[in-house]
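User: I have not looked at this one before. Can you walk me through it?

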Amino acid sequence: MVTAVYVQEVADLNVEVERADGTASVRLRGDLDKLTAPRLKQVLGELIAAGHVSIVIDTAALAFCDSSGLWVLVEHQRKAGERGGSLRLTGVQGVLRRVLDVTGLKAAFDSVLTAQP
């Protein structure tokens with residue numbers, strides 16, 4: 001007996017940005033994965049290119065993050081740092097918290113604040 005398998009890829013990431021005098025607040029909601037990481041990469045690249053190099057990313061509503069999403073965060077931490085800025089993560093919980101802990105990449109960011117229980 002052969003069973004049909006249906007796989008649906010859903011690209012669901014909401015990125016909200018607030019800008020002010022060289023700083024930016026970014027709120028993520030949904031899944032940060034190989035399908036949605038390019039969207040965040042574009043947003044962060046545009047912010048840094050426009051001189052917003054102090055970036056705070058609120059991940060409290062982030063449901064999932066894979067290696068593609070993590071790479072975008074690490075890459076833009078480096079780019080912000082090269083321009084004298086920083087990239088801080090707030091509201092870190094769930095999968096992202098575990099991945100940062102397991103990989104040791106928590107130390108790659110200027111600040112990682114975990115979500116309050």
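User: Let's start with Leu96: buried or exposed?

Analyst: Leu96 counts as buried, because its relative accessibility is 3%, under the 20% cut-off. Keep in mind that this is a predicted model.

User: Where does Leu96 lie?

Analyst: Leu96 lies in helix H3.

User: And what does Leu96 touch?

Analyst: Leaving out residues up to four places away in sequence, Leu96 touches Thr59, Leu62, Cys65, Leu70 and Leu73. As for Gly69, its C-alpha atom is 9.4 Å from that of Leu96, and the two residues are 27 apart along the chain.

User: Thr59 is on that list. Where is Thr59 found?

Analyst: Thr59 is in strand E3, which covers residues 54-65. Thr59 counts as buried, at 1% relative accessibility.

User: What is Thr59 in contact with?

Analyst: Beyond its neighbours within four places in sequence, Thr59 contacts Leu28, Leu89, Thr90, Gly91, Val92 and Leu96. With Gly91 there is also a polar pair: a polar atom of the Thr59 side chain lies 3.4 Å from the backbone oxygen of Gly91.

User: Let me step back. How many helices and strands does the protein have?

Analyst: Three helices and five strands. Along the sequence the pattern reads β-β-α-β-α-β-α-β.

User: What order do the strands take in the sheet?

Analyst: The order is E1-E2-E3-E4-E5, in an open sheet of five strands with mixed pairing. E1 and strand E5 (111-114) stand at the edges; each has a single partner strand, so one side of each has no neighbour in the sheet. From one strand to the next, the twist averages 15°.

User: Mixed pairing, then. Which way do E1 and E2 run, parallel or antiparallel?

Analyst: E1 and E2 run antiparallel, joined by eight bridges.

User: How about E2 and E3, parallel or antiparallel?

Analyst: E2 and E3 are parallel, with nine bridges between them. Ala24 has Ile55 of E3 as its bridge partner, and Leu32 stands opposite Cys65 in E3.

User: Back to E1 and E2. How many residues are between the strands of that hairpin?

Analyst: Two residues are between the strands, and in this hairpin Asp21 takes a positive phi near 25°. Asp21 has that positive phi although it is not a glycine.

User: Is Asp21 buried or exposed?

Analyst: Asp21 is exposed, with a relative accessible area of 81%. It is found in the loop between E1 and E2.

User: How do H1 and H2 cross?

Analyst: The axes of H1 and H2 cross at roughly 10° and come within 9 Å. H1 and H2 are therefore roughly parallel to each other, because angles under 35 degrees count that way.

User: Which residues make the contact?

Analyst: On the H1 side the contact involves Ala37, Leu40, Lys41, Leu44, Gly45 and Ile48. On the H2 side there are Ser68, Gly69, Val72, Leu73, Glu75, His76, Lys79 and Ala80.

User: What about the core? How many residues are in the largest nonpolar one?

Analyst: The largest nonpolar core has 29 residues. Those with the most contacts inside it are Val26, Leu28, Leu32, Leu40, Ile55, Ile57 and Leu89.

User: Which elements supply at least two residues of this core?

Analyst: Strands E1 (13-20), E2 (23-32), E3 and E4 (86-92) each supply at least two, as do helices H1 (37-49), H2 (67-82) and H3 (94-103). H1 gives the most, with six residues.

User: Pick Leu32 from that core. What does Leu32 touch?

Analyst: Not counting residues up to four places away in sequence, Leu32 touches Leu13, Ala37, Leu40, Leu62, Phe64, Cys65, Asp66, Gly69 and Leu73.

User: Last one, on the whole protein. What percentage of its residues is buried?

Analyst: Buried residues make up 37% of the 117 residues. On contacts, 66% of those between residues at least 6 apart in sequence join residues at least 24 apart.

Key: Residues numbered from 1 in each chain as written. Predicted model: local features only at pLDDT ≥ 70, side-chain atom pairs only at ≥ 80, totals over all residues. Heavy atoms only, no water. Helix = DSSP H or I, 4+ residues; strand = E, 2+ residues; numbered from the N terminus. Buried < 20%, exposed > 50% of the residue type's maximum accessible area, 1.4 Å probe, protein only. Polar contact = N/O pair within 3.5 Å; in protein donor to acceptor, adjacent residues only side chain to side chain. Contact = heavy atoms within 4.5 Å. Core = buried A, V, L, I, M, F, W, Y, C linked by side-chain atoms within 4.5 Å. Pairing = 2+ DSSP bridges. Axes fitted to C-alpha atoms, helices over the stretch in contact; angles between N-to-C directions. Parallel < 35°, antiparallel > 145°, perpendicular 65-115°, else oblique.
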